[in-house]
Amino acid sequence: MRDIHEQKKFEDTRRGFLKKASLGFGSIALSSLLGPTESFANDLLVSKRPSLVNANGGALGGTHFPAKAKRIIYLFQSGGPSQIETFDYKPSLAKWHGQEIPDSVRGTQRNSGMVTSQSTFPLVQSIFDFKQHGQSGAWVSELFPHTAGVVDDLCIIKSMYTEAINHEPAVMFMQTGSQLSGRPSIGSWLSYGLGSDNKDLPNFVVMLSKGGGAQPLSSAAWGNGFLPSHHQGVQFRSGKDPVLYLNNPHGVHDHDRRRALDYISELNNQQYDIWKDPEIQSKINQYEMAYRMQNSVPDAVDTSNEPDHVYELYGEDAKIPGTYAANCIQARRLAEKDVKFIQLYHMGWDQHGGLPNGIKRQALSTDQATAGLITDLKQRGLLEDTLVVWGGEFGRTSFSQGRLTAESYGRDHHPGCFTMWMAGAGVKAGMVYGETDDFSYNVSRNGVHVHDFQATLMHLLGIDHEKLTFKHQGRRYRLTDVHGHVVKDILA
């Protein structure tokens, strides 16, 4: 009888243990579902976060090594500018013009689905002339006379390459390090790691120029992904309200808004003490930033006091709010106010057909303003600690998409090689880096992968790209995933 009683007691104990254990596992799963970016393991990181935060609000507590750049202005030319019509001069294409691209060359790269029904792939030389400019002797297309004038300030990388062949995944790859949406963008990583040097403006500002083209662009390109939401890019629009819903509603005075925010902050802090959810802190940060921006943003975007010679430097479009030229002036003003990451998007570089006229329009609307920005920053001493980046998500094919005529042709997407350039803090000025083959179809020397490019950007800001990580769903993520090497040859 005693043995039976002991056996029953053991079974009760075992069942109780399993029941409690299963509840524990269930609670872990529930917490993962409710807040997948912050599991219990990540809560440990969050609980320690105050000791990691430096004076500027960055999680790193400072840079890994002395930074060459304090901020980045990224001029993203969305759609894929043709390297053959811009900076990658290929005179050898003249003798191949109209002939079929060799299978041995075309077979080295995949093509998009838009040329699957095409039976012939004639090579096409650029319709535009190229000349060498500056002491560096860099070749620049006639489409960019103003950029040619500042070519000795540029570090031109002709050997970029990527895996992505369609716009959305290619843009995501350039901006977030992954072809899939949902990862943090470069600006968000920098905001998270380094914080801001100006507490009255966002760490990360985004502007889209109007008139560039109708090609869609997902806001995930400047999203925070799994990082706390106050690190996402803040879009500045043209017009009376550059940031939506920033102003107080009619009849609400500043002191009423301040009192309301103080009460809301107190309630949110009480909730944070209970749940330790970092998104509560993000919400508090966003409320406070919005309040401070009510005074700081109007001054930052008001260009009415800019002298006429500045508008002349950037071009006639500079006085039209929302244009690429106007946004370039805004970018310089934000750089003066120590915004960490300033992203300009100019769409419309996707010329599958009618390329000569299409790319001519794009160059006309961007060339002078781009060169004007470089010149303006340099005159003000800002180029010494500001890194300017120009480029798109991929390049274009050297064969014609669609019908080739004497006046017109098109080019398909091409991930195998494309051109970007950088200027300013930490990079060698007047340098051309990397080479492509005679067809501008494959990288032939010093290839720079997207992850290499991202690692180099972070290095210039004093960050070891392998050490800025964030734990999400049990894995530590970083901008460059598990890849990337700093391109040391281009560093000043």
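How many bridges join strand E2 to strand E3, and do they run parallel or antiparallel? Four bridges join E2 (residues 130-133) to E3 (residues 138-141), and the two strands run antiparallel. This is a predicted model, so a few ground rules apply: local features need pLDDT of at least 70, side-chain atom pairs count only at pLDDT 80 or more, and totals for chains, interfaces and linings use all residues. Residues are numbered from 1 along each chain as its sequence is written, and side-chain values use heavy atoms, with hydrogens and water left out.

**Overall picture**

- The chain has 13 helices and 17 strands; these are DSSP runs numbered from the N terminus, with helices being H or I of at least four residues and strands E of at least two.
- Of its 492 residues, 51% count as buried, where buried means under 20% relative accessible area, exposed over 50% and partly exposed in between, using a 1.4 Å probe and protein chains only.
- Take the contacts between residues at least 6 apart in sequence: 79% of them join residues at least 24 apart. Contact here means heavy atoms within 4.5 Å.

**Confidence**

- The chain's mean pLDDT is 89, and 88% of its residues reach 70 or more; pLDDT is the predictor's confidence in each residue, from 0 to 100.
- Over residues 19-55, pLDDT stays under 50, and the model has 32 contacts beyond four places in sequence for that stretch.
- Where pLDDT is low, the predicted coordinates should not be read in detail.

**The E2-E3 hairpin and Phe130**

- E2 and E3 form a hairpin with four residues between them, and Gly134 in the turn has a positive phi of about 70 degrees. Strands pair if DSSP finds at least two bridges between them.
- Lys131 has Val140 in E3 as its bridge partner.
- Phe130 lies in E2 and is buried, with a relative accessible area of 9%.
- Phe130 touches residues including Ile84, Phe87, Tyr89, Trp139 and Val140, leaving aside anything up to four places away in sequence.
- The C-alpha atoms of Phe130 and Glu142 are separated by 5.8 Å, with the two residues twelve apart along the chain.

**Strand E5 and its partners**

- E5 (residues 204-208) is mostly covered, with four of its five residues buried.
- E5 runs parallel to E7 (residues 341-347), and five bridges join them; Leu208 stands opposite Tyr345 in E7.
- E5 also pairs in the parallel sense with E6 (residues 234-235), over two bridges. There, Val206 stands opposite Gln235.

**Helix packing**

- The axes of H6 (residues 167-176) and H13 (residues 450-460) come within 9 Å and cross at roughly 30 degrees, and that makes H6 roughly parallel to H13.
- Axes are lines fitted to C-alpha atoms, for helices over the stretch in contact, and angles run from 0 to 180 degrees between N-to-C directions. Angles under 35 degrees count as roughly parallel, over 145 as roughly antiparallel, 65 to 115 as roughly perpendicular, and the rest as oblique.
- Phe173, Met174, Gln175 and Thr176 in H6 meet Val450, His451, Phe453 and Gln454 in H13. The residues of this contact divide into four nonpolar, four polar and no charged.
- For those classes, Ala, Val, Leu, Ile, Met, Phe, Trp, Tyr, Cys and Pro count as nonpolar, Asp, Glu, Lys and Arg as charged, and the others, Gly among them, as polar.
- H9 (residues 278-301) and H11 (residues 324-336) have axes that come within 9 Å and cross at roughly 130 degrees, so the two helices are oblique to each other.
- Asp299, Ala300 and Val301 in H9 meet Gln330, Arg333 and Leu334 in H11, a contact whose residues divide into three nonpolar, one polar and two charged.
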